[in-house]
Amino acid sequence: MSRAFRLLPIILLVWVLLAFAWRLIQPPDPTVRSQLVNREVPHFVLQPAVAGVPGLTSADFATGEPRLLNLFGSWCIPCIGEASVLEELQRKGVKIDGIAIRDTESGVSGFLKRHGNPYARIGSDPNSNVQLALGSAGVPETFIVDSSGVIRRQYVGPIGASDVPGIIAELEKLR
Amino acid sequence: MKAIALALGLLLATPALGQSNMPPSYWAYRQLPDAKQEAKAQALMQELRCLVCQGQSIADSDAELAGDMRDLVRRRIAAGEKPEQIRAWLIERYGDWVSYRPSTAPIAWPLWAAPLVLLIFGGAIVAGRLKRKRS
């Protein structure tokens, strides 16, 4: 047995300790990202969430125009902060569709009345089925869907005013 | 007086937990009537990661999304889908991470081989020592 062989346990120990230190200093990112980016929007059909705004199906994408798909809930507090940003995007000509997660008609209509309605369509997803089909793990989340119905990007958490130029530039590129 | 008002206020306050006002999904806290199907669903739910309380399985978690995932698993099992199909459907969306069952893909082979390698390594050390003692 050589000397180097005897040192092996210590080398292994140092290696394991370094691994621990690395993960303690740089904890893993707990954000759940959808694996469906660069894949087609999965098939779904959702009933309208409120009267007066049409429901949403996967066939409403791939219309030759890139769109935003926003998952929200009237019970979701960060969604309130995001509402004004979505309105600004809509004013700038961005087409936005919404999916109301685990929500009621009165909840959604109250939310739209209070915070404005930037959505062309809103589907109701009362059991989070479509949310799970999209690989999303919470609200709010926003997907950029290109003109052929392929998901191009996912934003986890509320989009802020600083995201607006980037989103508009990306949609321009996909046009 | 202020203290009582504060205490009452705290009693009435509800935590801002990001929970919707909707009741849990139908199969979230209900067992399937067919015991065989329920056993299959249970086994799968024990091996699926909750997306909210990461580290818990959806069978253990009380998060709403975990309830919705249990609802999805039970409905699909009741519809005759195989557990492995449901697992694959979720892995397609969330990655291998969503399943607790260790992967058998080539990337995990060193991990499967590790116990064997360590056993051989330890055996070699013991054998070496025994030989030295005898001589």
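Q: Which domains does the assignment give for chain B?
A: Keep in mind that this is a predicted model. For chain B, the assignment gives domain 1, covering 21–101, and domain 2, covering 103–135.

Q: How many Å separate the centres of those two domains of chain B?
A: Taken over C-alpha atoms, the centres of domain 1 and domain 2 of chain B are 38 Å apart.

Q: Now for helix packing. How are two packed helices described?
A: The description uses two values: the angle between the axes and the distance between the axes. The crossing of H2(B) and H3(B) is right-handed.

Q: Which residues make the contact between H2(B) and H3(B)?
A: H2(B) contributes B:Gln37, B:Lys40, B:Ala41, B:Leu44 and B:Met45, while H3(B) contributes B:Arg70, B:Val73, B:Arg74, B:Ile77 and B:Ala78.

Q: At what angle do the axes of H2(B) and H4(B) cross?
A: They cross at roughly 30°, and the axes come within 10 Å. H2(B) passes H4(B) in a right-handed crossing. On the H2(B) side, look for B:Lys40, B:Ala43 and B:Leu44; on the H4(B) side, look for B:Pro83, B:Ile86 and B:Arg87. The contact of H2(B) with H4(B) holds 4 nonpolar and 2 charged residues, with no polar ones.

Q: Let's move to the contact between the chains. How many residues does each chain give?
A: Chain B gives 20 residues and chain A gives 21. On the side of chain B that touches chain A, the elements giving two or more residues are H3 and helix H4 (83–94) of chain B. H3(B) gives the most to that side, with 6 residues. That side of chain B divides into 8 nonpolar, 7 polar and 5 charged residues.

Q: What does the secondary structure of chain A come to?
A: Chain A has 5 helices and 7 strands. Reading from the N terminus, their order is α-β-β-β-α-β-α-β-α-β-β-α.

Q: Is chain A spread out or compact, going by its radius of gyration?
A: Compare the value with the globule rule. The radius of gyration of chain A is 22 Å, well over the 16 Å that the rule gives for 175 residues, so chain A is more spread out than a compact globule. Along the principal axes, the C-alpha atoms of chain A fill a box of roughly 80 × 35 × 30 Å.

Q: Backbone angles next! Which peptide bond is cis?
A: Look at the bond from A:Val139 to A:Pro140, which is cis with omega near -10°. You will find A:Pro140 in the loop between helix H4 (129–133) and strand E6 (141–145) of chain A.

Q: What is phi of A:Asn38, and where is this residue placed?
A: Phi of A:Asn38 is near 70°, a positive value in a residue other than glycine. A:Asn38 sits in the loop between helix H1 (3–25) and strand E1 (45–46) of chain A.

How values were computed. Residues numbered from 1 in each chain as written. Chains lettered and ligands numbered in written order. Predicted model: local features only at pLDDT ≥ 70, side-chain atom pairs only at ≥ 80, totals over all residues. Left-handed = near helix turned anticlockwise from the far one by under 90°. Helix = DSSP H or I, 4+ residues; strand = E, 2+ residues; numbered from the N terminus. Contact = placed C-beta atoms within 7 Å. Nonpolar A, V, L, I, M, F, W, Y, C, P; charged D, E, K, R; others polar. Domains from an automatic or database assignment. Rg over C-alpha atoms; globule rule 2.2 N^0.38 Å. Axes fitted to C-alpha atoms, helices over the stretch in contact; angles between N-to-C directions.
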